[in-house]
Number of protein chains: 2
Amino acid sequence: MSDTSELAESLRVSFETDVEPCLGSGDGRAMRDLLDRVGDKWSLLIIGTLRDGALRFSELQRRVTGISQRMLTLKLRSMQRDGLVTRTAHAEVPPRVEYALTPMGTTLLEPAIALALWAVDNQQAIAEARASFDAA
Amino acid sequence: MSDTSELAESLRVSFETDVEPCLGSGDGRAMRDLLDRVGDKWSLLIIGTLRDGALRFSELQRRVTGISQRMLTLKLRSMQRDGLVTRTAHAEVPPRVEYALTPMGTTLLEPAIALALWAVDNQQAIAEARASFDAA
DNA sequence: CGGGATCCTACTCGATACTG
DNA sequence: CAGTATCGAGTAGGATCCCG
């Protein structure tokens, strides 16, 4: 596990000019916008599911366990609007619609994976912290 | 900008065993837990604000623009429970309470910064994608 | 100063039913 | 198959007042 200083050092030049106004103090517009978009229950899971290539609507719904038809529609529409996914409708019977990540959507995959790894690495520590906190 | 394959390659060993069940298909328990914790409107902004060291409650509220007293209290309590921040109350008059990141909270800073940088880098592209989508 | 207790609103999300 | 439409419950989050 590398500590934060390594990354922080490599990012020092851009850190104060770019991150300061968005992650830390101030209004954090960019960060808040991002969280409004993909900080919800499903968006990152959908993006993760699309990482291997295009999928049709029903296949997507089968893989993202528990998502309702409605939410899948809504989230896909929103992500399409933001330029994160493409929607390709094939004029056939029965209809076939495929969704895929755009180049920009793919670049989001990188920090998303980093976050997912953190989640996996620390989920047990968090559970323990929780338990000991609740004991008091 | 590096594409995703570089990181994906360096993480290949753990990717399928660790990320697969959480970011992509399946129930995505770890990822969902993480989003439930820090995927809200304020948590990551608070963590970002604490990156330079301990701050008192009122100072925190002044820096995280727009947060209500209530939400700051709630989020800090939740993050303390999860072992992400520490709360130190000094027995003085007037009372002084300081919050700081735990080591685990600091490690979360790393992927959080990566995400913040992505947000900054892509906010304009997203705004443009939105505009052109709405035009149709 | 650093909260706790309440009240209230707006929006999210799920379930269900219907359609091209 | 891939949606759209509608309803209803739950909840995040803001405003306000009070307390040690």
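Two strands count as paired if DSSP finds at least two bridges between them, the strands (E, at least two residues) and helices (H or I, at least four) being DSSP runs numbered from the N terminus. In this predicted model, local features need pLDDT of at least 70 and side-chain atom pairs count only at pLDDT 80 or more, while totals for chains, interfaces and linings use all residues. Residues are numbered from 1 along each chain as its sequence is written, chains are lettered from A and ligands numbered from 1 in the order in which they are written, and side-chain values use heavy atoms, with hydrogens and water left out.

Strand 1 of chain A runs antiparallel to strand 3 (residues 96–101) of chain A and is joined to that strand by 2 bridges; A:Arg56 has A:Glu98 of strand 3 as its bridge partner. The open sheet has 3 strands in the order 1-3-2, with antiparallel pairing, and strand 1 (55–56) and strand 2 (85–90) of chain A form its edges, each pairing on one side only. Helix 6 (residues 69–81) of chain A packs on this sheet and touches strands 2 and 3, contact meaning heavy atoms within 4.5 Å.

Technical notes
Axes are lines fitted to C-alpha atoms, for helices over the stretch in contact, and angles run from 0 to 180 degrees between N-to-C directions.
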